[in-house]
Amino acid sequence: MAASVNCLDQHVRKAPESVALIWERDEPGTEVKITYRELLETTCRLANTLKRYGVQRGDRVAIYMPVSPVAVAAMLACARIGAVHTVVFAGFSAESLARRINDARCKVVITFNQGLRGGRVVELKKIVDEAVKNCPTVQHVLVAHRTENKVPMGELDVPLEQEMAQEAPVCIPESMGSEDMLFMLYTSGSTGTPKGLVHTQAGYLLYAALTHKLVFDYQPGDVFGCVADIGWITGHSYVVYGPLCNGATSVLFESTPVYPNAGRYWETVQRLRVNQFYGAPTAIRLLLKLGDVWVKKYDRSSLRTLGSVGEPINNEAWEWLHKVVGDGRCTLVDTWWQTETGGICIAPRPSEEGAEILPGMAMRPFFGILPTLMDEKGNVVEGDDVSGALCIAQAWPGMARTIYGDHQRFVDSYFRAYPGYYFTGDGAHRTQDGYYQITGRMDDVINISGHRLGTAEIEDAMADHPAVPETAVIGYPHDIKGEAAFAFIVLKDEAGDVDVVVNELKSAVATKIAKYAVPDQILVVKRLPKTRSGKVMRRLLRKIITSGAQDLGDTTTLEDPSVIQEILSAFHMHKERRAATK
């Protein structure tokens, strides 16, 4: 049966007026609550509208919308009629959107007239108009309205709310096979065409629901607050499918962590009585830099579980999240997983009652996940206190099944490097106690004078410094060592003497790792280049220092392009100072 039945109908039969979604809109204090009954009716009207406009089982539908109830209904409406949704993050450019639409050969695009984020208006419809000029498969653009502003409507455009109002609030769900496609989601690789990863019906939903319940200790009646965008896999699994399958109340967070101020997350927790908070280390480090006062201003006593996702969380951010945000009483789960895995694969919970949780470590594999470390020769690394390439030794329900239209690329990307294993692309360390710590992407491993070192290890050593909320380390060619480490650091306003801090950082790296790990160069910058989902684009930092920012490649996911010139100017000054002292 369609995933939408498991996410909607079963709960409507039992408790139709229980709250499915709390839409935490951009402006604080204007939240909207949507019951399971209301969400089912909206989903059915939208599903019927899609059918009337020619969408059939197996057709692909692009959804270019920010976090909102209509976007969730659009996903579930596609699932209900057997169509395949591909949500494109509403921060992508027209070119990136068009590329994804064309690769998936989408028949319909669903969007908003405009979006609102951080007090700013985002011209979504204009971006879609620009994209579909180059998308011959698109027959209709369904336009919902987030603002009162009128936007020009073209011959492909359909006013969504008007059309939905004419439809019945009932839609018989399509009967689906367990391995039929549910959705496609594109990974944003820095090179090559985007990869449309395919997730299927039963395995994905089972895995999302089970991990949501057990990793976060979800209990009936809880308010689950994952602040990810639905354009990413975290939003699919832990804003939409996992929580709704479990009958939870899921928070849809439309805004940013610092709008209208740095207390936004915690004010939301207080007002909505959020029980689980799931966010990204980048946002946590940003808020850490802005001080404890914004946290302590609000009542966070409703929180039971805190979660971290997206990249390894450094120890300072972990400790701050645990001690300041969670008052030292909340379970903190650092979760490791990927778009490809469909759901959380390594996390401290579930585990035995009261089992230890170590800072900055994902620790324990989830049920059915068999992590394996491999060496450079493709051999399994046995024992504890060892490192290697992180692979998974057997299939699990939530894993992606293919790359749309290119199964060979799927095989080559994930199964060729270590035959018989799924290669994650990440490195990991297995501790003496058998726990797993992610050391970062394997392509973020530097070989310094024959020593292999994860850049995340160096970043972690430096980020423990009280004056340093954020760091990014990359490798660059070195005449003698082969490669050397180059560190970019952001300092707190009250950091004091920069030279003193830099020397302390070098000392910290030498002490915590080894002298060979000390970065040859450390550059202080105001901020780091990040995607709109908060990931640091280390690829761009590497380009800046190796080629002076020539040929940056795809920068459409960059939140603020002006950061490139800012870092480039700082780097040129840094080079001049170094030249003058030689």
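Student: Which helix gives the largest share of the lining of the second largest pocket?

Tutor: In this predicted model, helix 17 does, with six residues. Helix 15 (498-512), strand 26 (521-524) and helix 17 (562-581) each supply at least two residues of that lining.

Student: How is such a pocket found, and what volume does the second largest pocket have?

Tutor: Rolling a probe the size of a water molecule over the atoms shows where empty space is left. Here the second largest pocket has a volume of about 410 Å³. Its lining has 16 residues, and D499, V502, I522, H574 and R577 lie nearest the centre. By type, the lining divides into seven nonpolar, four polar and five charged residues.

Student: Is V333 buried or exposed?

Tutor: Buried means under 20% relative accessible area. V333 has 0% relative accessibility, so it counts as buried. V333 belongs to strand 16 (residues 331-334). Leaving out residues up to four places away in sequence, V333 touches V215, F216, T305, L306, G307, S308, P348 and R349.

Student: How many aromatic pairs does the structure hold?

Tutor: There are 24 aromatic pairs. One of them joins Y265 and F277, edge-to-face, with 5.0 Å centre to centre and 65° between the planes. Y265 is in helix 9 (residues 264-272) and F277 in strand 14 (residues 276-279), twelve residues apart. Y265 is buried at 7% relative accessible area, and F277 is buried at 3%.

Student: Which residues do ring pairs link into a cluster?

Tutor: The cluster consists of F216, F224, Y238, Y278 and W337. F216 is also among the residues that V333 touches.

How values were computed
Residues numbered from 1 in each chain as written. Predicted model: local features only at pLDDT ≥ 70, side-chain atom pairs only at ≥ 80, totals over all residues. Heavy atoms only, no water. 1 Å grid on protein atoms, 1.4 Å probe; cavity = no way out; pocket = protein on both sides within 12 Å on 5 of 7 lines; lining within 4 Å. Points joined across faces, edges and corners; volume = space filled by probe spheres on them. Helix = DSSP H or I, 4+ residues; strand = E, 2+ residues; numbered from the N terminus. Nonpolar A, V, L, I, M, F, W, Y, C, P; charged D, E, K, R; others polar. Buried < 20%, exposed > 50% of the residue type's maximum accessible area, 1.4 Å probe, protein only. Contact = heavy atoms within 4.5 Å. Phe/Tyr/Trp six-rings, centres within 6.5 Å; stacked < 30°, edge-to-face > 60°.
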